[in-house]
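Thanks for coming. I will take the helices, then the cores, then the charged pairs. Please have the sequence and the structure open.

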Amino acid sequence: MDQINNIEVVPCTNSNYLKPFRVHYNQNGTKKSWDFMRTHDSVSVLIFNTTSHCFVLVKQFRPAVYMCEWERTKPQPPETAEKAEEGAAEAAAPESQEGQTVPEGESSSPQPPALAGVTYELCAGLVDKPDLSLEEIARQEVLEECGYDVPASKLRRITSYRSGVGVTGAKQTMFYAEVSDDNRVGEGGGAPQEGELIEVVKVPLHEAMTFAYDESIPKTMGVIFSFIWFHNNMSPKYKISTNV
């Protein structure tokens with residue numbers, strides 16, 4: 001996970017995971033357009049180990065996060081007045097949407113360490129198996145990524161919500177699963193054949209909220225929300241402070 005090299009950015013012309021589109025429409029008599037991507041819905045699972053009183057998260061390298069961080073460190077050339085006026089005109093036009101530039105072989109700033117693209121996340125996966133229920137898909141992800149065998153009937157649905165509404169609008173459904181050390185049947189780590197390289201991480205219950213609000217720890221919104229949900233709904237059961 002800590003060695004990233006031979007980076008090459010190329011146009012994405014064919015993908016099994018996302019398809020870009022541009023939609024044109026009228027809103028209250030104003031003509032507009034918007035770029036979006038069709039993606040799969042997904043599931044995520046907040047896993048709590050009742051033996052060790054800790055949350056089970058996954059830690060992995062995310063290329064999108066890495067490239068965004070690299071872009072952030074690149075020096076921006078001074079903008080000419082002409083470009084500034086052009087950009088202002090584009091921003092004012094309701095039918096246009098400002099795009100993002102993609103680096104292609106640029107070396108204006110040093111390549112950041114792999115750690116810049118590593119994030120802490122809930123166990124999660126795509127809804128890409130039409131013959132399985134959301135609970136079954138979530139169960140498979142828990143087993144595959146974290147090594148716990150949990151019956152689908154033991155998964156508690158927390159809620160569902162839209163993610164990436166400015167770009168994808170895909171729906172994610174979040175579940176809660178309680179496990180014990182007796183449920184551990186493997187090491188987890190994801191599916192290598194799918195390119196996954198996942199590290200299983202444990203966060204003690206009493207450190208959960210400190211972890212959630214520590215901005216120096218890169219994490220998804222799902223982690224923060226699920227920890228808050230647990231504090232409001234489950235922590236009285238265990239009579240342990242989540243350190244709010």
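Helices here are DSSP runs of H or I of at least four residues, numbered from the N terminus. The model is a predicted one.

With that in place, look just past the end of helix 3, where Gly147 takes a positive phi of about 85°. Now the helix itself. Helix 3 covers residues 134-146, and its end C-alpha atoms are 18 Å apart. At 1.5 Å a residue, its 13 residues should span 18 Å, so the two values agree.

Which residues of helix 3 are buried? They are Ile137, Ala138, Glu141, Val142, Glu145 and Cys146. These residues take up an arc of only 140° around the axis, and therefore sit on the same side of helix 3. As for what covers the buried residues of helix 3, the list includes strand 3 (42-49), strand 4 (54-61), strand 6 (123-126), strand 8 (170-179) and strand 9 (199-204).

Next, helix 5. Helix 5 also has its length checked: 13 residues, reaching 18 Å from first C-alpha to last, close to the 18 Å expected at 1.5 Å a residue. Its buried residues are Gly222, Val223, Ile224, Ser226, Phe227, Trp229 and Phe230.

That brings me to the cores. The largest nonpolar core has 24 residues, and the members that touch the most others are Leu46, Phe55, Tyr176, Phe211, Phe227 and Phe230. Which elements give two or more residues to this core? Strand 3, strand 4, strand 8, strand 9, helix 4 (208-213) and helix 5 (221-233) do. Helix 5 supplies the largest share, five residues.

Take Phe227 as a case. Setting aside neighbours within four places in sequence, Phe227 is in contact with Leu46, Phe55, Leu57, Val203, Ala208, Met209, Phe211 and Ala212. There is also a second, separate core of 17 residues, with Val45, Val56, Leu155 and Phe175 among them.

Now the charged pairs. Side chains of opposite charge can pair when their charged atoms come close. How many salt bridges does the structure hold? Five, and I will go through some of them.

One is between Asp35 and Arg22, with the closest N and O atoms 2.5 Å apart. This pair links distant parts of the chain, since Asp35 is in strand 2 (residues 30-39) and Arg22 is in strand 1 (residues 18-27), 13 residues apart. Asp35 counts as partly exposed because its relative accessibility is 26%. Arg22, at 55%, counts as exposed.

Another joins Arg62 and Glu121, where the closest N and O atoms are 2.8 Å apart. Arg62 lies in the loop between strand 4 and helix 1 (63-73), and Glu121 in strand 5 (residues 118-121), so the pair ties together parts 59 residues apart in sequence. Is Glu121 buried or exposed? At 6% relative accessibility, Glu121 counts as buried.

The last one I will show takes us back to helix 3. The side chains of Arg139 and Asp149 meet in a salt bridge, 2.8 Å from N to O. Arg139 is in helix 3 and Asp149 in the loop between helix 3 and strand 7 (156-163), ten residues apart. Arg139 counts as partly exposed at 24% relative accessibility, and Asp149 is partly exposed with a relative accessible area of 31%.

That is what I have.

Conventions: Residues numbered from 1 in each chain as written. Predicted model: local features only at pLDDT ≥ 70, side-chain atom pairs only at ≥ 80, totals over all residues. Heavy atoms only, no water. Expected span 1.5 Å × (residues − 1). Buried < 20%, exposed > 50% of the residue type's maximum accessible area, 1.4 Å probe, protein only. Arc of directions from axis to C-beta. Contact = heavy atoms within 4.5 Å. Core = buried A, V, L, I, M, F, W, Y, C linked by side-chain atoms within 4.5 Å. Salt bridge = Lys/Arg side-chain N within 4 Å of Asp/Glu carboxyl O.
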